[in-house]
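Hi,

Here is the structure I promised to pass on. Have a look at it first, and then read my notes below.

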Amino acid sequence: MARDTMTYESYEPDSFDNPPKGPVGVHRGARSVMARLCPFIVVILVAALCGVGVWAWISGEYRNAIGGSSQTATTSGTASKSDSSSKAETKNSTKDDSSSTSTDSSKDSTSDSAKSDTDSDTTSSNENQNSDQQSQQSEAIATVNKATQVRVVNATGIQGYAGQQADVLQTAGYTSVEATNPSGTLPASSVVWYQNETDKATAEDVATTLGISAVEQVQGLAVPITVVLLN
């Protein structure tokens, strides 16, 4: 009996006889340069740090670093204490200065107030004296002295007119009145002349009594008050 030979064609076709086109399986994409170099860089850094640590341990530099940091902390603490002490001393000195300044200012204000009081008292006394003198002068000026000598000059041309006016003054209380005729230069209208400032009030009273409006001060009169009568 002849033995049949089994070949590919001897089997019926199935789904595996038509595989999909294209690559089959899992394929990774190409990685970047940094991704490939990163492990090497990490290894180099770790090795460098380890080398520095070993060198510091062997040479003793780590002790200097620790000692320097503690010394810095001590120095900063001492400096802060000294600053606090200086601030306290400055504050105390400021308080002392302010106390002395306030004491001096209070002394100065007290002396100034006393001086101002003395000056005000002196000024008040001087003002009182001046006011008294002025009042005395005003009283002397304003006083009408009816014993003052009065001369009545008749320049009207009316016979006996000066005597009539002299009688009016005597009736008003004047005790030293005389009537006379004119001589020399005469004024333009009736007037009452007086020589001294103390006679001004008397001259004004004479003018009022005789109905004369003009009252003037004239030097060189023969009598204190002269009345010139004109038309």
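A quick definition before the rest: a crossing of two helices is called right-handed if the near helix is turned clockwise from the far one by less than a right angle, and left-handed if anticlockwise. By that rule, H3 and H4 cross in a right-handed way. This is a predicted model, by the way.

The two helices, H3 (residues 161-171) and H4 (residues 200-210), pack at about 115 degrees, and their axes are 10 Å apart. On the H3 side, Gln-165, Val-168 and Leu-169 make the contact, and H4 brings Val-206, Thr-209 and Leu-210. Of these residues, 4 are nonpolar, 2 are polar and none is charged.

Now to H1, which covers residues 33-59. Its 27 residues should span 39 Å at 1.5 Å a residue, so the 39 Å between its end C-alpha atoms agrees. H1 also bends by about 30 degrees at Pro-39. After H1 comes Gly-60, with a positive phi near 80 degrees.

As for confidence, the chain has a mean pLDDT of 75, with 53% of its residues at 70 or more. Helix H2 (residues 61-142) is lowest, at a mean of 58, while strand E3 (residues 191-194) is highest, at 96.

Cheers

Technical notes:
Residues are numbered from 1 along each chain as its sequence is written. This is a predicted model: local features need pLDDT of at least 70, side-chain atom pairs count only at pLDDT 80 or more; totals for chains, interfaces and linings use all residues. Side-chain values use heavy atoms; hydrogens and water are left out. Helices (H or I, at least four residues) and strands (E, at least two) are DSSP runs, numbered from the N terminus. The expected span of a helix is 1.5 Å times one less than its number of residues. The bend at a residue is the angle between axes fitted to the seven residues ending there and the seven starting there. pLDDT is the predictor's confidence in each residue, from 0 to 100. Axes are lines fitted to C-alpha atoms, for helices over the stretch in contact, and angles run from 0 to 180 degrees between N-to-C directions. Contact means heavy atoms within 4.5 Å. Ala, Val, Leu, Ile, Met, Phe, Trp, Tyr, Cys and Pro count as nonpolar, Asp, Glu, Lys and Arg as charged, and the others, Gly among them, as polar.
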